[in-house]
Amino acid sequence: MLKLQLIPSWVKWTAVVAALACLAAVIGTQRIQLAAERLKTTQVREAWATERADQERAAREATQEGQRLMSRWHARQMESYRAKAEENARNERLAADLRGQLDRLHSDVSAFAAGRHQAAADSIAACRADAATLGELLEGALRADAAHARAAEQHATDVRALLGEWPVNAP
């Protein structure tokens, strides 16, 4: 029997070698593309890591700045509280001093009114100062009395008007 060989064996081997070479070229190209993609992925990850590190650094800096601002605000607030406490203490001392002067003035006015004041023991300047103070007190009392009288008249007018307009129960 005659074997019919249609394709010579060297052609088969050449085709197999060519196919393997093509396959190797395709695999090599795929490996190069894979390496390029891995490199891109690595670069993207590094860029993300850098960006994240920058964001974290910016957040830390913002937090530190916020803490510095809060610290300065707190220091100013504490200074304000301290200054207010000093002012309150100063005002309390002033009020206590004024209350003492008022008490002395009341007792002096009472003494003058009762005739118990020892005018002979005072100097002329002291007598004049006492007279001026008593004059100021009298003037203030008269002004307050006039203001109260005007207010009382106004209230009386208001009450008369209110009573005049008040509905009366008719049978």
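The legends below describe a predicted model in several views.

View 1. Helices (H or I, at least four residues) and strands (E, at least two) are DSSP runs, numbered from the N terminus. Along the principal axes, the C-alpha atoms fill a box of roughly 170 × 75 × 20 Å. Of the 171 residues, 1% count as buried. Buried means under 20% relative accessible area, exposed over 50%, and partly exposed in between (1.4 Å probe, protein chains only).

**View 2. Trp13 and a nonpolar surface patch.** Trp13 belongs to helix 1, which covers residues 9-114. Its relative accessibility is 58%, so Trp13 counts as exposed. Together with Val16, Leu20, Leu23 and Ile27, Trp13 makes a patch of about 520 Å².

**View 3. Thr41 and Glu65.** Thr41 is also placed in helix 1. With a relative accessible area of 35%, Thr41 is partly exposed. Thr41 and Glu65 are 24 residues apart in sequence, and their C-alpha atoms are 35 Å apart in space.

**Notes on the model.** Residues are numbered from 1 along each chain as its sequence is written, and side-chain values use heavy atoms, with hydrogens and water left out. Local features need pLDDT of at least 70 and side-chain atom pairs count only at pLDDT 80 or more, while totals for chains, interfaces and linings use all residues.

Notes. Patches are made of residues with over 30% relative accessible area and no salt bridge: like charges are joined within 9 Å, nonpolar side chains (Val, Leu, Ile, Met, Phe, Trp, Tyr) within 5 Å. Accessible areas come from the Shrake-Rupley method with a 1.4 Å probe; for residues, only the protein chains shown count as cover. A salt bridge is a side-chain nitrogen of Lys or Arg within 4 Å of a carboxyl oxygen of Asp or Glu.
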